[in-house]
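This report describes a ligand site and a sheet. The sequence and structure are shown first.

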Amino acid sequence: MSVTTLKLNSGHQMPIIGLGTYSANPSKTKTAVEYAVDVGYRHFDTAFLYQNEQEIGLAIAAKIEKKIVKRENLFITNKLWSTFRDPKDVRPAILKTLKNLKLNYLDLYLVHFPVAFVNNGNLFPEGENGDVLYADIDYIDTWKEMEKLVDEGLVKSIGVSNFNQYQINRILKECKVVPANNQIELHPYLPQDELVEFCKKNGIAVTAYSPFGGPTRPWATDTEPHLLEDPNVIKVGERHGRTPAQVLIRFHTQRGIAVIPKSFTPSRIKSNFQVFDFDLSKEDMELIRSSDIICRYYGLSQWSNTKYFPFRENYAE
Ligand code: NDP
């Protein structure tokens with residue numbers, strides 16, 4: 001029997017598959033989310049950064065109003081963007097997001113990225129030289145404000161995204177609430193075994209973002225490796241009569257890792273959810289992982305010289 005939800009350390013259940021909603025073409029968001037509800041998705045991964053919260057809010061409200069789904073059966077994740085990391089900006093940020101989404105609580109609110117930016121009204125505030133304006137705000141101070149949101153009932157569970165082991169350890173040592181979730185880039189070309197093990201050992205659920213390597217990222221190149229064309233993934237798919245995308249999703253859910261594939265194409269939204277009726281064998285899992293390609297598609301190297309940049313080798317603050 002396939003696992004369909006994960007129990008978070010907060011006691012709440014998170015559906016193991018969610019719809020990713022980051023898109024360079026957000027105009028399709030509303031119809032995609034409505035269709036996803038129809039075919040069974042209950043978990044939606046959203047963010048202020050994606051600039052489509054209002055469309056998602058309209059889609060969810062329409063489905064609730066038509067009694068297709070109840071609010072309590074949905075699991076809505078959102079992320080605090082880096083410009084709202086000053087403690088005084090955290091509560092206003094979630095209130096704005098809730099208003100956009102037409103909700104009165106979130107299921108999961110994540111600190112989107114450990115690096116903070118200056119809050120001047122732009123998503124990527126720029127200085128005179130065109131560089132992003134960083135703010136020296138410790139994520140520990142932000143986290144203490146996140147904890148208050150739970151107490152106030154604005155969110156059921158809180159977590160982090162793109163945090164490394166060192167950074168989570170600091171939260172564990174210096175704060176009250178253990179993160180319920182770490183949302184990270186995860187796929188066969190970036191397995192991050194050590195970080196996954198560390199999270200599991202500390203009761204922190206892991207969510208895999210970009211399970212297909214985000215092939216339509218604005219900065220994707222023709223020369224980068226394509227997960228959906230990986231020969232081992234294709235071979236395993238052929239063994240089971242499944243698409244490469246279904247194999248890449250099942251690769252996570254079978255290990256108790258949540259996964260949030262994005263698609264705004266109805267046929268793919270549907271097929272990406274049809275992964276609970278087959279099992280990958282140990283040999284399949286090993287073959288999928290056997291590539292020697294290592295690729296972090298969301299390397300964000302333009303921010304690598306900042307104090308809290310999480311993807312540095314031998315990270316220390
Ligand atoms: P994914 O790896 O999920 O890939 C999405 C792309 O794959 C889209 O172009 C989609 O096209 C295409 N696709 C979807 N299904 C199939 C299929 N069955 N066959 C072929 N192609 C397919 O990319 P994302 O980077 O969007 O990651 C998923 C989600 O993770 C995001 O949407 C977001 O919610 C989250 N995320 C979080 C980050 C963070 O920092 N926390 C960073 C990046 C992502 P189409 O829509 O046309 O079907």
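A polar side-chain atom of Asp-45 lies 2.6 Å from a ligand oxygen atom, a polar contact being a pair of N or O atoms within 3.5 Å. A polar side-chain atom of Thr-265 is 2.8 Å from an oxygen atom of the ligand, and a backbone N or O atom of Tyr-22 is 2.9 Å from one. The ligand taken alone exposes 910 Å², of which the protein buries 89%; these areas come from the Shrake-Rupley method with a 1.4 Å probe.

This is a predicted model, in which local features need pLDDT of at least 70 and side-chain atom pairs count only at pLDDT 80 or more, while totals for chains, interfaces and linings use all residues. Residues are numbered from 1 along each chain as its sequence is written, and side-chain values use heavy atoms, with hydrogens and water left out.

## Surrounding shell

Around the ligand are 29 residues, of which Asp-45, Ser-210, Thr-216, Lys-262 and Ser-263 come nearest; a residue counts if one of its heavy atoms lies within 4 Å. By class, the shell has 12 nonpolar, 13 polar and four charged residues, with Gly counted as polar and Tyr as nonpolar.

## The sheet

Eight strands form an open parallel sheet in the order β3-β4-β5-β6-β9-β10-β11-β12. Strands are DSSP runs of E with at least two residues, and two of them pair if DSSP finds at least two bridges between them. Because β3 (18–20) and β12 (258–259) each have a single partner strand, one side of each is left without a neighbour in the sheet.

Strand β10 (residues 181–185) runs parallel to β11 (residues 205–209) and is joined to β11 by five bridges. Glu-185 has Tyr-209 as its bridge partner in β11.

Note on methods. A polar contact is a pair of N or O atoms within 3.5 Å; within protein, one must be able to donate a hydrogen and the other to accept it, and residues adjacent in sequence count only if both atoms are side-chain atoms. Helices (H or I, at least four residues) and strands (E, at least two) are DSSP runs, numbered from the N terminus.
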